[in-house]
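These are my notebook entries, written while I went through the model one topic at a time. I wanted each entry to say what I looked up and what I found.

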Amino acid sequence: MRFSVGVHGLRARMSRRSFLKGTSAATAGLAALETALTPAGAAAADDPQVFGPEPVSITLRVNGAARTVAVEPCATLAEVLRGPLNLTGTKIACNRGSCSACTVLLDGVPVASCSMLALDVGERAITTIEGLANGDVLHPVQAAFIEHDALQCGFCTPGMVLSSAALLERNPQPTAEDVKAAISGHVCRCGTYPHVVDAVLAAAQARRG
Amino acid sequence: MAMNRFEWASARTAAEGAASGATTVADAMLPVPGGPPGQAVVLKAGGIDLLDLMKEGLLAPRRLVDLRAIAGLDAIAQESDGGLRIGALASLQQVAEHPLIADRARALAEAAGGSASPQIRHVATIGGNLLQRPRCWYFRSIAHRCLRKGGGKCFAVHGENQYHAIFANEVCAVVHPSTAATALVALGARIEIVNAGGDVRRPLLDEFFVAPETDVQRENDLKEGEVVTAVLLPAPAAATTSAHMRQSDKQAFDWPIADVAVVLERDADGRCSKASVVLGAAAPVPRRARATEEMLVGEMIDEKLAREAGHAALEASTPLARNHYKQPIFAALVARVLLRAAGQG
């Protein structure tokens with residue numbers, strides 16, 4: 001018998017037995033996904049499931065692929081992306097949701113991955129900067145950032161690009177004010193903002209053809 | 001500082017969350033005399049403020065009980081009496097963009113839409129926004145055991161207080177952290193709260209907030225074993241208009257140094273019949289500018305009256321050493337928001 005954590009459909013399936021034993025997911029997590037076990041205390045099946053503080057095995061949908069990973073409940077999405085998933089394009093700068101360098105898209109919506117627990121993601125599709133290009137073909141926003149010299153040190157760039165790409169999905173013909181609002185959460189200490197606005201407007205035009 | 005390790009559980013209903021053994025965040029942050037730290041169970045919605053507090057080492061719960069899986073708690077809908085029900089899990093972005101809120105309660109749409117960043121607004125909930133703890137830098141510093149954290153003094157009263165309260169700041173000089181609350185108090189909103197036994201109470205938001213003179217260790221009247229389920233807006237009178245504006249150091253993504261919400265009802269001839277004027281980032285709880293409200297009733301709103309109303313809003317202000325500058329900002333902002341609510345700004 002398997003259990004699901006009811007977190008926006010989070011599919012953190014794990015066996016009650018492996019949970020009750022407090023077995024670390026390093027040894028039990030993946031196995032538990034494949035092994036159906038009968039719970040010892042079926043009468044308690046209505047109680048909310050408790051996970052952790054040991055790692056829990058969860059499957060995240062990242063850049064179109066299902067990635068199963070063992071995470072402690074206290075792990076942020078940014079830490080899981082950069083650590084076990086080795087997607088270091090997502091940056092952690094302030095780690096307080098104040099600079100937006102850690103921006104990723106969840107179902108196309110920009111969020112601060114430093115200020116969200118990995119267990120909060122559930123079934124939502126994660127897009128990181130590594131998942132934006134189509135193979136070797138850059139996303140129009142990426143190409144426009146290069147063309148318009150919209151970055152210097154590059155630390156804010158992955159987040160800026162993702163927020164801009166999300167903007168063009170919901171508003172293909174943005175004004176400069178729309179672009180400024182879309183990137184308003186991003187702190188760029190190099191001061192690239194004017195070139196970012198130029199690049200996003202150009203990318204919008206390029207997408208329209 | 002890394003967060004402590006904790007357990008995770010997920011409530012399927014508000015009653016389950018209420019029965020989870022959770023304490024309030026305020027209680028979870030107070031030192032337990034003689035007891036080990038980190039034993040509290042705490043409820044979580046969007047988690048934005050909880051993660052901030054945990055990363056600073058100010059909160060170290062044993063378990064988080066996530067409320068996000070509770071079905072329907074993020075819905076925004078009109079009620080049969082014409083009022084609006086905003087589920088506690090509705091995100092600030094949902095609140096900012098919802099057509100019924102934009103149409104009926106523009107002040108709230110403007111307050112929510114101007115809060116934080118798009119990234120935060122997509123995750124932060126209206127319930128969590130109202131319950132977040134103050135942003136005073138002494139309160140947020142692990143090195144300062146201030147009154148609000150069970151210590152012996154307010155460091156802000158004689159310290160770096162440029163972003164602190166200019167009203168009612170004798171005991172503790174924090175300003176209320178929620179900008180949405182400024183608009184909601186002006187709109188006469190109620191907050192819906194349930195407990196594990198299924199009892200429901202719906203106090204006025206204005207009365208739900210707690211001033212430091214009453215209890216310096218909490219900002220609201222939420223009790224152990226209670227869950228906030230909704231914010232309720234009354235049906236507006238026919239000719240009601242509203243507006244909210246903020247003034248910050250930075251244009252985007254900054255805490256306001258002043259914010260103001262105005263709700264106006266007007267007669268057929270355009271005279272003000274009722275006014276709600278509330279100041280945010282001004283006092284430990286959202287502050288009604290009663291002198292301003294009274295002087296508007298029976299009058300036609302124009303620029304001259306708006307300026308006088310702005311100055312009246314400063315009545316009883318007691319600025320601290322470094323925040324006198326907020327007085328002219330509030331005076332100007334009240335005038336500006338009043339004109340905007342009246343369709344002249």
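**Entry 1: a hairpin in chain B**

I began with a strand pair in this predicted model, where B:Val194 stands opposite B:Val200 in S7(B). I looked up the two strands and found that S6(B) and strand S7 (residues 200–201) of chain B pair in the antiparallel sense over two bridges. For my own use I note that two strands pair if DSSP finds at least two bridges between them, and that helices (H or I, at least four residues) and strands (E, at least two) are DSSP runs, numbered from the N terminus. The hairpin of S6(B) and S7(B) has four residues between its strands, and there B:Gly198 takes a positive phi near 90°. I then followed strand S6 (residues 190–195) of chain B to another partner, strand S8 (residues 226–233) of chain B, with which S6(B) pairs in the antiparallel sense over six bridges; in this pairing B:Arg190 faces B:Leu232.

Residues are numbered from 1 along each chain as its sequence is written, and chains are lettered from A, with ligands numbered from 1, in the order in which they are written. Local features need pLDDT of at least 70 and side-chain atom pairs count only at pLDDT 80 or more, while totals for chains, interfaces and linings use all residues, and side-chain values use heavy atoms, with hydrogens and water left out.

**Entry 2: a sheet with strands from both chains**

Next I traced an open sheet of four strands, which has the order S1(A)-S1(B)-S3(B)-S2(B) and mixed pairing. Strand S1 (50–51) of chain A and strand S2 (41–44) of chain B stand at the edges with a single partner strand each, so one side of each is left without a neighbour in the sheet. S1(A) and S1(B) run antiparallel and are joined by two bridges, with A:Phe51 having B:Trp8 as its bridge partner in S1(B). S2(B) and strand S3 (residues 63–66) of chain B run parallel, joined by four bridges, and here B:Lys44 is opposite B:Asp66.

**Entry 3: where the chains meet**

How many residues does each chain bring to the contact? I found 30 residues from chain B and 41 residues from chain A, where contact means heavy atoms within 4.5 Å. I then looked for salt bridges (a side-chain nitrogen of Lys or Arg within 4 Å of a carboxyl oxygen of Asp or Glu), and the rule finds four across the interface of chain B and chain A. In one salt bridge, the side chains of B:Glu56 and A:Arg96 meet at 2.8 Å, N to O. The elements that give two or more residues to the side of chain B that touches chain A are strand S1 (7–10), helix H3 (48–55), S3 and helix H7 (118–121) of chain B.

**Entry 4: backbone details in chain A**

Last, I checked the backbone of chain A, where a cis peptide bond joins A:Gly52 and A:Pro53, with omega about 5°. A:Pro53 is in the loop between S1 and strand S2 (56–62) of chain A. I also noted A:Ser100, which has a positive phi of about 70° although it is not a glycine; A:Ser100 is in the loop between helix H3 (77–82) and strand S4 (103–106) of chain A.
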